[in-house]
Amino acid sequence: MSQPLDLAAVRSFENLEFLARQLVEGFITGLHQSPYHGFSVEFSEHRLYNPGESTRHIDWKVLARTDKLFVKRYEEETNLRCHILLDVSPSMYYPAPSHDKLRFAVLCTAALTTLLQKQRDAVGLVTFADQIELQTPVRSTSSHRHTLLLTLQQLLERPATQRRATDVSGVIHQIAQQIPKRSLVVLFSDMLGRNPEEQTASLAALQHLRHAQHEVLLFHIMDRTTEAEFAFAERPYLFEDVETGEQVKLQPAQVREQYRAAMQHYEQELALRCGQYRIDFVPVDIREPFDKVLYAYLVKRGKVR
């Protein structure tokens with residue numbers, strides 16, 4: 001069973017590229033040691049055999065080692081185009097500088113980028129808050145992966161920027177219009193908006209991606225203990241909206257039940273809409289092992305095939 005990573009230690013780790021490679025290798029090893037044998041160490045070059053198809057391309061050596069039928073996959077079958085959208089808005093720096101949602105999402109993005117390149121798939125990165133900050137080409141080379149990981153390393157080292165809104169819907173609409181070929185779009189975001197209208201707009205933007213024939217995988221990043229359960233100690237707090245600066249002083253017990261009900265309703269609505277739009281919705285707690293993200297990607301990649 002994988003253990004949660006110490007996010008506080010990630011920033012002090014000077015080589016994110018090496019860390020991502022170690023995490024991916026550990027994840028692959030864990031797949032082989034687990035009872036879920038849906039993936040092989042040769043997954044970049046093989047796929048599972050489908051009953052009824054020709055046995056011409058079965059890899060008999062892999063069969064001898066794994067007792068499973070795998071078919072050799074050729075270059076034209078392996079190339080996948082993946083756009084990773086990473087929310088870097090102020091709310092992603094919650095709950096603490098050494099243990100925040102952005103740090104978790106950056107690590108997951110680094111590991112996913114490494115896994116994509118290992119599979120010879122092409123990947124591009126988009127970072128955004130109220131607008132697109134960075135948009136890279138979509139490539140599959142090792143040098144491109146190295147550049148992306150350097151960019152992610154820099155995100156770990158920069159301080160939070162205050163008083164900026166998040167425009168998830170605007171960015172997604174823009175990306176949907178720019179992507180020329182059918183691709184896999186992976187979004188890491190807390191999906192927080194200032195009001196229900198913004199949240200509804202974000203869901204409509206996700207539908208735009210599906211209308212353009214793109215596959216979508218949404219990782220909803222949260223610190224569940226405080227953001228969903230509102231599990232604060234019973235004392236007065238001064239809560240501040242990091243995007244607007246609005247403040248409110250209260251005791252958690254005064255609003256806990258109403259807050260939980262509102263968050264539960266929003267999460268259910270988000271999951272329901274994603275289901276209607278055939279978008280893979282994966283809620284992720286930053287206190288959980290990151291393996292959940294990589295496994296969800298592999299399952300989604302299998303569906304895209």
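1. The structure holds zero disulfides. This is a predicted model. For orientation, a disulfide is a covalent bond between the sulfur atoms of two cysteines. Two cysteines deserve a look here. Cys82 counts as buried because its relative accessibility is 0%, with the cut-off for buried set at under 20%. Cys274 also counts as buried, because its relative accessibility is 0%.

2. The sheet. Six strands make up an open sheet. Their order is β7-β6-β3-β8-β9-β12, and the pairing is mixed. At the edges stand β7 (132–135) and β12 (280–285), each pairing on one side only. On average, neighbouring strands of this sheet are turned by 15° against each other, direction ignored. Strands of a sheet pair through backbone hydrogen bonds, either parallel or antiparallel.

3. Pairing around β9. Strand β9 covers residues 215–222. With β12 it pairs in the parallel sense over six bridges. With β8 the pairing is likewise parallel, over six bridges. Leu217 stands opposite Asp280 in β12. Leu218 stands opposite Phe281 in β12.

4. Burial of β9. How many of the residues of β9 are buried? Eight of eight are, and the strand is described as mostly covered. In a regular strand the side chains alternate between the two faces of the sheet. In β9, one side carries Glu215, Leu217, Phe219 and Ile221, all buried. The other carries Val216, Leu218, His220 and Met222, also all buried.

5. Helix α5. Which strands does helix α5 (residues 101–118) lie across? They are β3 (81–87), β6 (122–128), β8 (184–189), β9 and β12. The helix runs at about 170° to β3.

6. Helix α6. This helix lies across β3, β6 and β7. It runs at about 25° to β6. Its length checks out: at 1.5 Å a residue, the 16 residues of α6 (residues 142–157) should span 22 Å, and the end C-alpha atoms are 23 Å apart, which agrees.

7. Burial in α6. The buried residues are His144, Arg145, Leu148, Leu149, Thr151, Leu152, Gln153, Leu155 and Leu156. An α-helix has 3.6 residues a turn, so residues three or four places apart point the same way. Leucines in the buried set include Leu148, Leu152 and Leu155. His144, Arg145, Thr151 and Gln153 are buried as well.

Notes
Residues numbered from 1 in each chain as written. Predicted model: local features only at pLDDT ≥ 70, side-chain atom pairs only at ≥ 80, totals over all residues. Heavy atoms only, no water. Helix = DSSP H or I, 4+ residues; strand = E, 2+ residues; numbered from the N terminus. Expected span 1.5 Å × (residues − 1). Buried < 20%, exposed > 50% of the residue type's maximum accessible area, 1.4 Å probe, protein only. Pairing = 2+ DSSP bridges. Axes fitted to C-alpha atoms, helices over the stretch in contact; angles between N-to-C directions. Contact = heavy atoms within 4.5 Å. Disulfide = S-S within 2.5 Å.
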